[in-house]
Amino acid sequence: MIYKEFKGKKLSALGMGCMRLPTYGEDKTIDEAKTAEMFDYAIKNGINYFDTAWGYHDGKSELVVGKLLEKYPRESFYLASKFPGYSKETWGRAKEIFEKQLEKCRVDHFDFYLIHNVSEGNIDAYLDEKYGDVMYFVKMREEGKIGHLGFSTHANLENMRRFLDKYGKYMEFCQIQLNWLDWRLQKAEAKVAMMKEYGNIPVWVMEPVRGGKLATLEEGYAKQLQAHREDESIPAWAFRFIQSIPEVCVTLSGMSDFEQVKANIKTFSEEKPLSGDEWNTLMSIADSMVGRKTLNCTACRYCTTYCPQGLDIPRIIEHYNEHTVSGRSEVSPRMIASYAEDKLPTACIGCRSCEEVCPQNIEISEMMSDFAAKIK
Ligand code: SF4
Ligand code: SF4
């Protein structure tokens, strides 16, 4: 296992993400026996970082993780959990939720703790001092109930900056969606650069294989990669990409079965970052995959002043592209929550004023109606 130094601690470069544990039955009960087997193998093979959250598996992940880790010495693993501020119901309830989390996880402190999913839908609440949630966790760190405080985010760059301007001085790490497809698509590159700007905040990676989407590739793309490294598996390329980014400390993989744990541990037994040529090949595959599916909006914003509904057209296109590339049929509630009701694609009246000024000739009104149909 590769280890990374973080403030005197030796963290396994591969962390066990506990959001997609093995399940059974229609109600998707976590399979504790299989999870125990995975944890055991992981610990024996050097993984010492476990990442859960209040919301994972409808609240059951913390319970199972706490129960299974209890049999190992407390100092032999690092446990991370998160405050679910993405949900309105939790705002202002930091103390109550945190104390419950300690109980669920059967610990008296978290080694790492994150403000979960800072995003367009909750940034104003996090910045609003009347709730006081973030500062409560700063206090918990001072009291030793949190070892290190950080945040995870899917926010756009502007809102990340707003969060960092207010709380950056307290944040010791930042967890973002980073993989070779999102390096440009979700602006992971710019997010890594922003962390450097705010005092070299180390990066934790989530979704390294984009929920499994980067674990397989079309034959043509796979052949391009094999031409560089014959024996590297397709999922391993995703991890080799991340190993090429020095700002990254821990990479979390939401592993769902024993074979994944074994394969990922094998990949993280050695560091094999990409050469310049390999990086360029991967980026050109990413551009090709994204370009074939997405609308080429340059965010010039020529269109926005022409919209009688005041829609943030480039931002909506960004979400539309993300949704298209993800290949989901439903639009994620998180995406919808980032808009006021009257600023959703459903508010478009199809007047096409925007299209008359769009230099990219994007059929914006069609995109809006397609997106609106998916939201309904
Ligand atoms: S077509 Fe829709 S998005 Fe375009 S200007 Fe009209 S209302 Fe706005
Ligand atoms: S005018 Fe076209 S390219 Fe420019 S922001 Fe609007 S949709 Fe995007």
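Predicted model: local features only at pLDDT ≥ 70, side-chain atom pairs only at ≥ 80, totals over all residues.

**Stop 1**

Select residues 3-282 and colour them as domain 1, then select residues 304-375 and colour them as domain 2. Taken over C-alpha atoms, the centres of domain 1 and domain 2 are separated by 30 Å. Where they meet, seven residues of domain 1 are in contact with five residues of domain 2. On the side of domain 1 that touches domain 2, two residues are nonpolar, four are polar and one is charged.

**Stop 1**

Begin with strand E3, residues 14-17, and display its side chains. Leu14 and Met16 point one way from E3, while Gly15 and Gly17 point the other way, and all are buried.

E6 pairs with E3 in the parallel sense over two bridges, and Asp51 of E6 stands opposite Gly17. Continue to strand E7, residues 78-83, which pairs with E6 in the parallel sense over three bridges. Here, Tyr49 stands opposite Tyr78 in E7.

**Stop 2: helix H2**

Select residues 60-69, which form helix H2. How many of its 10 residues are buried? Seven are, and the helix is mostly covered. To display them, pick Ser61, Glu62, Val64, Val65, Gly66, Leu68 and Leu69. These buried residues pack against strand E5 (29-30), helix H1 (32-44), E6, E7 and helix H3 (94-105). E6 and E7 are already on screen from the previous stop.

**Stop 3: Asp182**

Centre the view on Asp182, in helix H7 (residues 182-185). Is Asp182 buried or exposed? Asp182 counts as buried because it has 22 C-beta neighbours inside 10 Å. Leaving aside residues up to four places away in sequence, Asp182 touches Gln177, Ala188 and Arg210. For a distance check, draw a line from the C-alpha of Asp182 to that of Ser256: the two are 22 Å apart in space and 74 residues apart in sequence.

**Stop 5**

Most residues other than glycine have a negative phi. The next two selections depart from that pattern.

Select Ala299, in the loop between helix H12 (276-293) and H13. Although Ala299 is not a glycine, its phi is positive, at about 60°. Ala299 is exposed, because 11 other C-beta atoms lie within 10 Å, and the cut-off for exposed is 12 or fewer.

Then select Asn361, which lies in the loop between helix H15 (353-357) and helix H16 (364-375). Asn361 is not a glycine either, and has a positive phi of about 55°. With 8 other C-beta atoms within 10 Å, Asn361 is therefore exposed.

**Stop 4: ligand 1**

Show ligand 1 together with the residues around it. Which of the 16 residues come nearest? They are Cys307, Cys348, Cys351, Cys354 and Ser365. H15 and H16 are the elements that give two or more residues to this shell, and H16 supplies the largest share, three residues. By type, the shell around ligand 1 holds 11 nonpolar, four polar and one charged residue.

**Stop 5: ligand 2**

Finally, move to ligand 2, which is surrounded by 15 residues. Cys297, Cys300, Cys303, Pro314 and Cys358 are the closest of them. Highlight helix H13 (residues 313-326), which gives the most to the shell around ligand 2, with three residues. The shell around ligand 2 consists of 12 nonpolar residues, two polar and one charged.

How values were computed: Residues numbered from 1 in each chain as written. Chains lettered and ligands numbered in written order. Near = placed C-beta within 6 Å. Helix = DSSP H or I, 4+ residues; strand = E, 2+ residues; numbered from the N terminus. Nonpolar A, V, L, I, M, F, W, Y, C, P; charged D, E, K, R; others polar. Domains from an automatic or database assignment. Contact = placed C-beta atoms within 7 Å. Buried ≥ 20, exposed ≤ 12 C-beta atoms within 10 Å, placed from the backbone. Pairing = 2+ DSSP bridges.
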